[in-house]
Amino acid sequence: MERTHTSLRRGWTTGSCATAAARAAWCGLCGGAFPDPVTIILPGGQHVAFALAAHGHDGDGAWAEVVKDAGDDPDVTHGAHVRVDVRRGPPGSGVVFRAGEGVGTVTLPGLPVPPGEPAINPVPRRMIRTALRDVAGREPDVVVTVSVAGGQDMARHTLNGRLGIVGGLSILGTTGIVVPFSCAAWIDSIHRGVDVARALGLPHVAGCTGDVSERATRALYDLPEEAMLEMGDFAGGLLKYLRRHPVGRVTIGGGVAKMTKLAQGFLDLHSRRGQADMTRLAALAQGMGGPDPLVEDIARSHSVAAAFALAAGAGYPLGPAVAHGAWQAAADVLAGNDCVLDVLLFDRAGTLVARHGPHPVRG
């Protein structure tokens, strides 16, 4: 029997794993045993325990390692070995974070931590500080180095490179928990991409559904890489954030199927959220004066691409109407924003099928 999303097993963020490893290593450095399992407190107040994969002393330091369990989420970091080394720091230095092997370093402005710092986000930093303080009774003077074995290779499957995070993964998490198929990390990366673009003062950003539409959009407008936001299926995640954090001009680009779904009111464009309504596409052709046999064929089409091909072959291209509908759906989300918006539709080869805009968003 197929499991429903409500029965899927939750997992732990890299931030939670690093916190558990840091607490165990600090206990070991302070002369006690390495607790195994080691218990930490999540931001929501839950107490959770982690088994140690390995631990030990290294000269005047100590280290511990936790294997990340992402639950049933298809997380690229599932199974990653998160290691934390701790060493005492100079008096008054407090907790100092370092990026070890496989953990990235921030190089661009606009992210939650400044350039030059290890890519360990604020909530994991706070969790680690709290865990160390609980052991010591006060905030200790300690250098905390977080490493992820193979993290540099894993980072190639994330958006870190585009965000200016070099050398490896980010240590992430706001709740400490990974919710299966929430894609929270992807949406968070989209938001950070907007933050970076704004910090760099870029006047024009583009969110695209895939590689083909991204390459075509970037070539059309000669945009820098930092302006390209890997939107994927999360049109709503991008547009809602841009409404609160505006940029002067926004381009939304994608294939005909995804943009048809946006035009029909979908803000999550993944197939699991539903399919495009072929009867609505058929109605567009009918509204342009298309004959009944064509309208019926479009309504029975097995895919949006097939419907577009039928309509174009009969001289009733659907692209302009879909582009207009997608523009209006995006503009409705951006309402109250002073940005200029355009929508681009591409076929599978990256050829521009239709566009609407650029026009200012009003309302």
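The chain of the predicted model has 363 residues, of which buried residues make up 48%. Its secondary structure comprises 11 helices and 16 strands, and its C-alpha atoms fill a box of roughly 85 × 50 × 35 Å when this is taken along the principal axes. Among the contacts in the chain with a separation of 6 or more, 64% are accounted for by residues 24 or more positions apart.

Helix α1, which spans residues 14-29, packs with helix α2, residues 122-136, at an angle of about 25 degrees, and the axes of the two lie 9 Å apart. Angles under 35 degrees count as roughly parallel, and α1 and α2 are therefore roughly parallel to each other. In passing α2, helix α1 makes a right-handed crossing. On the side of α1 the contact is made by G15, S16, A18, T19, A22, R23, W26 and C27, while α2 contributes P124, M127, I128, A131, L132, D134, V135 and A136. Sorted by class, the residues in this contact of α1 with α2 are 11 nonpolar, 3 polar and 2 charged.

The second pair is formed by helix α4 (residues 184-199) and helix α6 (residues 235-244), which pack at an angle of about 35 degrees with their axes 9 Å apart. The crossing of α4 past α6 is right-handed. The residues of α4 that take part in the contact are I187, I190, H191, R192, V194 and D195, and those of α6 are G237, L238, Y241 and L242. This contact of α4 with α6 divides into 6 nonpolar, 2 polar and 2 charged residues.

The contact joins M259, T260, L262 and A263 of α7 to V322, G325, A326 and A329 of α11. In the contact of α7 with α11 there are 6 nonpolar and 2 polar residues, and no charged ones.

In helix α8 (residues 278-287) the buried residues are M278, L281, A282 and A285. When α8 is seen down its axis, these buried residues fall within an arc of 100 degrees, so they line one face of the helix. The partners against which the buried residues of α8 pack are α7, α9 (292-299), α10 (304-313) and α11. Helix α8 is followed by G289, whose phi is positive, near 95 degrees.

The buried residues of α10 are V304, A306, A307, F308 and A311. They pack against helices α7, α8, α9 and α11, and also against the strands β15 (340-346) and β16 (352-360). Just after α10 comes G315, which takes a positive phi of about 90 degrees.

Two residues in loops complete the description. D268 is placed in the loop between α7 and α8, and this residue is buried, with a relative accessible area of 17%, where buried means under 20%. With neighbours within four places in sequence left aside, the residues in contact with D268 are D233, F234, K261 and R273.

P224, in turn, lies in the loop between α5 (211-221) and β13 (228-229). The relative accessibility of P224 is 34%, and P224 therefore counts as partly exposed. When residues up to four places away in sequence are not counted, P224 touches L202 and R218. Computed along the chain, P224 and A197 are 27 residues apart in sequence, whereas in space the two are 9.9 Å apart, C-alpha to C-alpha.

Notes: Residues are numbered from 1 along each chain as its sequence is written. This is a predicted model: local features need pLDDT of at least 70, side-chain atom pairs count only at pLDDT 80 or more; totals for chains, interfaces and linings use all residues. Side-chain values use heavy atoms; hydrogens and water are left out. Contact means heavy atoms within 4.5 Å. Helices (H or I, at least four residues) and strands (E, at least two) are DSSP runs, numbered from the N terminus. Ala, Val, Leu, Ile, Met, Phe, Trp, Tyr, Cys and Pro count as nonpolar, Asp, Glu, Lys and Arg as charged, and the others, Gly among them, as polar. Buried means under 20% relative accessible area, exposed over 50%, partly exposed in between (1.4 Å probe, protein chains only). The arc is that of the directions from the helix axis to the C-beta atoms. Axes are lines fitted to C-alpha atoms, for helices over the stretch in contact, and angles run from 0 to 180 degrees between N-to-C directions. A crossing is left-handed if the near helix is turned anticlockwise from the far one by less than a right angle, and right-handed if clockwise. Angles under 35 degrees count as roughly parallel, over 145 as roughly antiparallel, 65 to 115 as roughly perpendicular and the rest as oblique.
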